[in-house]
Amino acid sequence: MSAALRLRSGLVIKIQELTPWYNYGSVGFKLWPASRVLISYLEGKESDNLPSTPVVELGSGSGACGLAASALGAPLVLFTDRPVNHVPREPVPFPCGAPGELMLDLIRNNIRLNTKVLGSSVAVKELTWGETDQIEACRQVFAARSTSAGLVIGSDVTYHSSGHAALFSTAASLLRPSESAEAPSSAPPCPPRFIFSHQHRGYNPEDTLNRLVDHAAEAGFHGPEKVMEHKETEDEIIAVYECTLKA
């Protein structure tokens, strides 16, 4: 199954999904509403910042948000996700390697589908949150280009509360400047930030938000601050939050 995301500029991003996702082993194979909300925020509020901001996408899944960031002018976008150790129960409609590589292969396929609208540089890396060797390998993608990540993004990456601490610590580690990064010729438009979309679920969203605030602070962030809210349905609220890395 494929989807088409039309940006306000008129650019169209093509997204290959693997559905039903449970036949492939991960919810990441499907494009979810939280991705569309984050993309809307990026093209509305971040369009001036992205052309000078290298980006990391956490939990990329189909890569939709990273693809949008690249199409909006980000000079480098690094797509990341963890392996899925599941043998697909249905055929995969694009070239792929071992079953554990399927998630990253989906991202690579969607990059190929959108080559004509993407920015100057993209990369794909395996990343399980909290794995220090993998985090360092991601940082080296930026160091090799004498730069550092200025923005980490993620859509629906807060679904499992058990992963919140590792999520925020990973985002903070990725945003800390590389020693080999060249000093910018002028002040960057924004401090290093983590922006994520979160769908409020359950009966106590305030408690979830309080836990997010605690984990963000422990990782070295200010926030999260709500910067956008979208009502998907009467009972489904998706919000975008911004965390700023403490100096």
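**Ile13 and its surroundings**

Tutor: Setting aside its neighbours within four places in sequence, Ile13 has contacts (heavy atoms within 4.5 Å) with Ala3, Ala4, Leu5, Leu7, Leu67, Ala68, Ala71 and Asn114. The model is predicted: local features need pLDDT of at least 70 and side-chain atom pairs pLDDT 80 or more, while totals for chains, interfaces and linings use all residues. Residues are numbered from 1 along each chain as its sequence is written, and side-chain values use heavy atoms, without hydrogens or water.

Ile13 belongs to the largest nonpolar core, which has 35 residues; Ile13, Leu50, Val55 and Ile153 have the most contacts inside it. Among the elements giving two or more residues to this core are strand 1 (2-6), strand 2 (12-16), helix 1 (33-45) and helix 2 (64-71). Such a core is a set of buried Ala, Val, Leu, Ile, Met, Phe, Trp, Tyr and Cys residues joined through side-chain atoms within 4.5 Å. Buried means under 20% relative accessible area with a 1.4 Å probe, protein chains only. Helices (H or I, at least four residues) and strands (E, at least two) are DSSP runs, numbered from the N terminus.

In soluble globular proteins, nonpolar side chains tend to be buried together. Helix 1 has Ala34, Val37, Leu38 and Ile39 among its buried residues, but also Ser35 and Glu43. Its buried residues pack against strand 1, helix 2, strand 6, strand 7 (193-200), strand 8 (221-233) and strand 9.

Technical notes. Buried means under 20% relative accessible area, exposed over 50%, partly exposed in between (1.4 Å probe, protein chains only).
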